[in-house]
Structures are given as structure tokens and as C-alpha cells.
Amino acid sequence: MNKVGLTLLTAVFGGAVALGGYKLIENKKFDGMSFEDKQKVYFANNPTGVMSSTGNPDFTQAAAAVSPGVVHIKTTYSRKGSQQSQGSPFDMFEEFFGMPQGGGRRQMQAQPVQASGSGVIISDDGYIVTNNHVVEDADKIEVVLTDKRTFEAKLIGRDPNTDLALLKVSGKGLPVVKLGNSDNVNVGEWVLAFGYPLGLQSTVTAGIISAKGRQIGILNEGQQQRGNPFGGGQDQIPVSSAIESFIQTDAVINKGNSGGALTNASGELIGINSAIASPTGTYAGYGFAIPVNLVKKIVDDFVEYGNVKRGYIGVTYTEITPELAKEKGFTDVDGLYVQDVVGGGAAEAAGIKKGDILTKINGKVITGSPVLSETIGRARPGDKVNVTYKRDGKEKQVTMTLKGEESLKTASTGGKASKSATEIYNKLGASFIPASAQKKKELGVNSGVVVTQVNRGGIFDYFGVERGLVITEVNGKAVNTVDDVETALGATQRNIVRLKGVSPQGGAVQLSFPVEY
């Protein structure tokens with residue numbers, strides 16, 4: 001071989017070795033990236049060409065780009081698992097997304113049950129995000145793409161607190177839906193909903209964002225049915241663990257859309273469709289999606305840790321109502337009133353006390369509990385958050401270092417009477433507001449709180465307590481505020497709660513019921 005040929009061969013071989021080494025390093029680096037960073041690399045090499053819609057909206061490019069990345073999820077449940085209806089996924093979301101109802105449960109005992117939903121591919125190597133309630137307790141999960149390719153999916157992780165789950169299929173080079181930024185979406189903005197509703201194949205609908213930061217209580221209901229995900233008894237955390245800060249849309253979504261994509265007009269994922277509000281169980285104009293910025297954090301946790309790493313402030317709180325503001329002498333309409341501080345938690349370490357008003361989180365005004373819960377839900381233990389609060393009318397700011405659930409469990413075992421009262425209060429499954437002076441006069445009582453909500457699976461629901469009941473006494477103590485109710489529950493003896501009140505029709509009511517039933 002001549003000298004020139006030898007030199008050329010050496011150069012080619014050296015280049016191949018260098019390229020192979022580079023690819024090996026690149027792949028290792030790629031594996032350690034978050035899903036968002038992986039997508040930046042993916043879309044740098046695979047531009048979508050989708051532009052934002054202006055003037056007369058044209059969604060053809062966005063629909064073409066997103067549809068292939070939204071999949072049909074089919075689940076199968078064994079007879080054994082289906083017979084356990086108390087813990088099955090059919091209870092919590094049966095009114096929302098295609099779960100069997102009524103007579104369907106009798107059928108479950110005779111043969112395996114099948115259900116379906118939707119999912120969104122977020123990486124070309126097969127990671128798919130969907131709702132927890134779509135795949136919860138499933139024996140088999142099948143994923144079908146728009147091109148009819150079918151894969152059996154492995155469950156990587158699921159989180160009832162956010163109603164999110166992450167699946168993995170063995171495919172390569174799969175179509176990907178681009179992750180957007182839910183913080184940048186605005187009310188009135190055009191959005192598209194993708195999924196497999198009512199047994200139909202891939203479907204796209206359009207609408208607008210109707211509202212942001214919606215809390216509809218559906219995840220708290222599910223927790224009350226199945227129990228606190230962190231365990232009950234002596235380890236129960238006396239703070240809400242569900243995160244609800246939904247994007248509301250009027251884009252048509254129906255049974256089967258659950259777990260599908262909500263995108264902006266540029267085809268970027270801004271939410272995962274999760275629920276609808278409807279008197280009939282089908283579209284009535286009100287759909288709800290989990291913000292994608294929360295989704296990013298949860299799915300990254302599944303891959304990196306195997307479960308969700310939640311940071312906690314360590315407070316229980318209530319939203320400020322006009323009645324509460326009047327009672328406490330507040331001038332604030334925004335913010336959260338601190339009912340209690342968990343011993344050993346981040347709030348206690350930062351100096352937060354019962355009676356403070358949390359007004360801002362990381363500079364964002366706290367207009368309601370969804371603002372706080374989503375912001376904290378996107379953080380992990382050890383992360384720092386800046387909290388602004390008011391005490392005696394004076395505004396102060398502190399930096400808190402969030403703590404994990406383990407520290408809250410340990411901390412909550414202290415103070416037996418207070419903890420017991422909180423446990424019982426949570427088990428009631430109800431919401432209250434102080435009865436107005438006019439209402440008390442109307443009913444001829446000197447004290448009272450009004451039952452404003454009764455959640456499925458709680459004690460009030462079990463014993464038929466209805467909304468509108470004015471409770472005047474708990475365990476023989478007069479109650480006028482939520483704090484009074486919780487304090488009085490601490491006097492519960494032999495696990496029997498005693499209530500006195502007045503029905504909306506004016507009739508006297510006396511109730512006694514066990515805490516455990």
C-alpha cells in the first residue's frame with residue numbers, strides 16, 4: 001500500500017474512533033438530562049416549523065405536528081382486582097373519562113374489564129405521560145399510535161396527588177410532542193385538545209383558555225376515598241397533599257380524552273387533560289388540564305428517583321373569605337390564613353406562626369391555594385422559596401428551606417391532642433364557613449358554622465350530612481369558626497363525635513357518629 005493510501009486509511013480510522021467516542025460521551029450525557037433538556041436537543045435536530053396562529057386561526061400545522069405524538073391507551077383489569085371496587089380506579093373518575101358505571105360493576109365480576117384513555121409521547125425513546133387514574137391498578141397497559149403500531153407499556157411511576165403517571169414503551173424514533181411553558185399561557189388564548197374520546201380514533205378540538213389556577217376538589221375526594229397516600233394512623237400528615245391548579249378550557253374534551261394533550265396554537269404542550277365538570281358526564285364547556293410545568297417536574301422525578309420528591313412548607317391554611325376577613329379584622333382579600341404550623345417544618349423554622357397571612361410565594365401574589373400548592377409542588381426537599389406574609393398588619397419576607405414528607409411525619413407525632421383533632425377534622429370530608437350574623441338571627445342561634453361542601457368518602461358523606469347545615473356545637477362546645485371546629489374535635493371521647501345544629505329548613509339536628517366506621 002502506498003504512503004498516501006496508508007495516510008488516508010489512518011485518518012479515516014482515527015476519525016471513526018473519535019466519532020464513536022464522541023457519540024458514547026454524548027449518549028451518557030443525554031441519559032442524564034431532564035425531559036425538557038432532551039427535547040431541546042431533539043427539536044434542534046427535528047424542527048417542527050409550526051408558527052403561532054394570528055388573525056384568522058389556522059391550526060393545521062399544529063394538528064399535524066401534535067397528533068402523531070398523542071396515543072391511545074388501553075388498560076385491562078383482572079376479575080380479582082376489579083372486585084375490590086373500593087380501591088379501584090373506577091370510583092374516583094367514573095363521571096369523567098370512560099370508566100364503567102352502574103351495571104358495569106356487576107359485569108366486572110364475570111370477566112376482565114377494559115378501559116381506555118390517552119397519553120402524550122414526550123421523548124423519542126418511548127416515555128409517555130398520562131393520568132394516574134387512566135392506569136391505576138391496571139394489569140396490562142397497551143399503547144396504540146396513530147399509525148396503528150401497538151406496544152405493551154411498563155409503568156415507571158404514578159402520583160395520585162397530581163393525577164399523573166409515566167409509562168415507557170420499547171419503541172425508538174417515536175413522534176414527540178414539544179413541551180411548552182404553562183406559566184406563559186393567558187386567559188383567552190387559543191388552545192387545542194388531543195385525544196381519543198368516546199371510542200373514536202385520534203381527535204382534535206379547539207377552544208380557548210377559560211381560566212387558570214382552578215381548584216375543583218376532585219383529587220382531595222380521591223384521597224379521602226383511598227386514604228392519605230402517606231399513610232394514616234400515627235403517621236398521617238396534617239396538610240393537604242393533593243395539588244390542584246388546573247388550566248380550564250372550553251375546548252371539547254370527553255370520556256377517553258383523559259391523559260391527552262392540551263397545546264397552544266404553536267403545537268406546544270401546555271397541559272395534560274384530566275377532568276371535566278358536567279351534569280351529564282359529557283362535554284358541557286368546562287375541561288381541566290394539569291399545567292405542563294408541574295408535569296415536567298413530576299416525570300423527571302419518576303425517572304431520577306423512582307417516585308415524587310415533594311417539598312413541604314408545613315402549614316395548614318384556609319383561604320380568606322369575606323366572612324373570615326370580617327371576623328379577624330383583615331383588610332386583605334388575597335392570601336392564605338395560617339391555621340396551624342407543623343412542628344419541625346419549614347414554616348416553623350422560618351418563624352411563621354398561627355394567624356399569619358401568606359400573601360406571596362417567590363414574588364407571585366397568592367390569590368388562592370392553587371398558587372401556593374402548584375409552586376411548592378414544582379419544588380423538592382432542600383429547595384428554597386421566598387414567602388411574604390403579614391402579621392399584625394405588617395408585611396415581612398422570609399426564605400424557607402422546604403422539607404420532605406419524612407420530617408413532617410416525624411414532626412406531626414408531637415402534640416397528641418392537636419394532631420388527633422386535625423386527623424378527625426380531615427376525616428369529616430367537609431368544608432365550613434362562619435355563619436353570618438343575619439343567618440344566626442334568622443335561625444335563632446348564637447353560634448354556628450355552615451357546611452359548604454361534603455366530599456365523597458368522608459364521614460359526613462357516609463352519614464348523610466348535607467350542605468347548608470348550620471353546626472352550632474361540636475362535642476358540647478359552641479363553634480363560630482373553622483378553628484373552633486378543629487379545637488372542639490380535640491375533645492372527642494371514645495371516638496364518638498357529637499354535633500348539634502339547625503337544618504336549612506330550620507329544624508333542630510343532633511348527630512353522634514364514630515370517627516372510625
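The side chains of Asp147 and Arg149 meet in a salt bridge, at 2.9 Å from N to O. By salt bridge I mean a side-chain nitrogen of Lys or Arg within 4 Å of a carboxyl oxygen of Asp or Glu. Asp147 is partly exposed, with a relative accessible area of 43%, and Arg149 is partly exposed at 34%. The classes are buried under 20% relative accessible area, exposed over 50%, and partly exposed in between, with a 1.4 Å probe and protein chains only.

A word on the source. This is a predicted model, where local features need pLDDT of at least 70 and side-chain atom pairs count only at pLDDT 80 or more, while totals for chains, interfaces and linings use all residues. Residues are numbered from 1 along each chain as its sequence is written, and side-chain values use heavy atoms, leaving out hydrogens and water.

The structure holds 11 salt bridges. Another one of them pairs Arg391 with Asp356, the closest N and O atoms being 2.8 Å apart. Arg391 lies in strand S18 (residues 384-391) and Asp356 in the loop between helix H10 (346-350) and strand S16 (357-361), so this pair ties together parts that are 35 residues apart in sequence. Both Arg391 and Asp356 are buried. Salt bridges with shared partners also join Asp183, Glu374 and Arg378 into one network.

Lys40 and Asp37 form a salt bridge too, at 3.9 Å from N to O. They are 3 residues apart in helix H2 (residues 35-45), about one helical turn. Lys40 counts as exposed at 56% relative accessibility; Asp37 is partly exposed at 34%.

Now the fold. The chain has 16 helices and 25 strands, taken as DSSP runs numbered from the N terminus: helices are H or I with at least four residues, strands E with at least two. Of its 517 residues, 48% count as buried.

Strand S2 (residues 113-121) and strand S3 (residues 127-130) run antiparallel, joined by 2 bridges. Ile121 stands opposite Ile128 in S3.

Methods. Two strands pair if DSSP finds at least two bridges between them.
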